[in-house]
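Subject: Structure handover

Hello,

Here is the structure I promised to pass on. My notes follow below it.

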Amino acid sequence: MPEIILTQSEADALISMEKHAVSSDVADFPMRGEKLTVDLISPNKKEKFLLDIYRGLIEMRKVKYQNRARQIIPLIRLDLGGSPHRNPDGEEIPVPHLHLYREGFADKWAFTVPADRFSNLADLGQTLTEFMKYCNITRKPNIRIGLFT
C-alpha cells in the first residue's frame, strides 16, 4: 500500500477537526494483550477517523491511545509504559510520551506529555477522557472501564 503523506497544515486541520463516535454501542476497555478500535467521523461526514486503544500483554502499564485519519495516518499517539523513544534527531524521550504527526516524519517524533492536558496518567479512564479531548473527539464513544482496568 502506498504511503499517504499529509502536509503539516492538512494534518493540523485533521487534528483540530471535531470528531464524533459513529456508534453509541458500549465497548469494553481492552484487557491485557487486546486492542479496541472505534470508528469516528467529522460532523460533515467527509472525514473518517479511528480511535485505537491497545493494552500490552506482558507489561501491564503498557497502553497506547491513538487517533488515526484516513485509516492509516497516525495523527496523535499517547504511549504509556514501554520503552523510551528516540527521535530522528537522536534525542531520547522517556515514557510516557506523546507522538504528533509531523510532515515528512509521520509519527516518528515524540514529546513530553503536557502536564496541563493530562492530569493523572496512572488513571487509564481519566487519561482516555483527556486524550479524547486532546484529539477533539466531542461525541465520545461509550467505552466501559472495567473494575480491574
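Helices (H or I, at least four residues) and strands (E, at least two) are DSSP runs, numbered from the N terminus. This is a predicted model: local features need pLDDT of at least 70, side-chain atom pairs count only at pLDDT 80 or more, and totals for chains, interfaces and linings use all residues. Residues are numbered from 1 along each chain as its sequence is written, and side-chain values use heavy atoms, leaving out hydrogens and water.

T127 first. T127 sits in helix α2 (residues 124-134). Its relative accessible area is 0%, so T127 is buried (buried: under 20% relative accessible area; exposed: over 50%; partly exposed in between; 1.4 Å probe, protein chains only). Leaving aside residues up to four places away in sequence, T127 touches Y65, L78, L80, F118, N120 and L121 (contact: heavy atoms within 4.5 Å). A polar atom of the T127 side chain lies 2.8 Å from the backbone oxygen of D123.

Next, helix α1 (residues 8-16). Its buried residues are A11, L14 and I15. They line one face of the helix, because they fall within an arc of 100 degrees seen down the axis of α1 (the arc is that of the directions from the helix axis to the C-beta atoms). S9 and S16, on the other side of α1, are exposed. The cover over the buried residues includes β1 (19-21), β4 (48-55), β5 (63-69) and β6 (73-80).

Last, the strands. Pairing takes at least two DSSP bridges between two strands. β1 and β3 (residues 35-41) run antiparallel, joined by two bridges. H20 has I41 in β3 as its bridge partner. Seven bridges join β3 to β4, also antiparallel. K35 stands opposite Y54 in β4. β3 and β4 form a hairpin with six residues between them. In that turn, K45 has a positive phi of about 65 degrees.

Best wishes

Terms used
A polar contact is a pair of N or O atoms within 3.5 Å; within protein, one must be able to donate a hydrogen and the other to accept it, and residues adjacent in sequence count only if both atoms are side-chain atoms.
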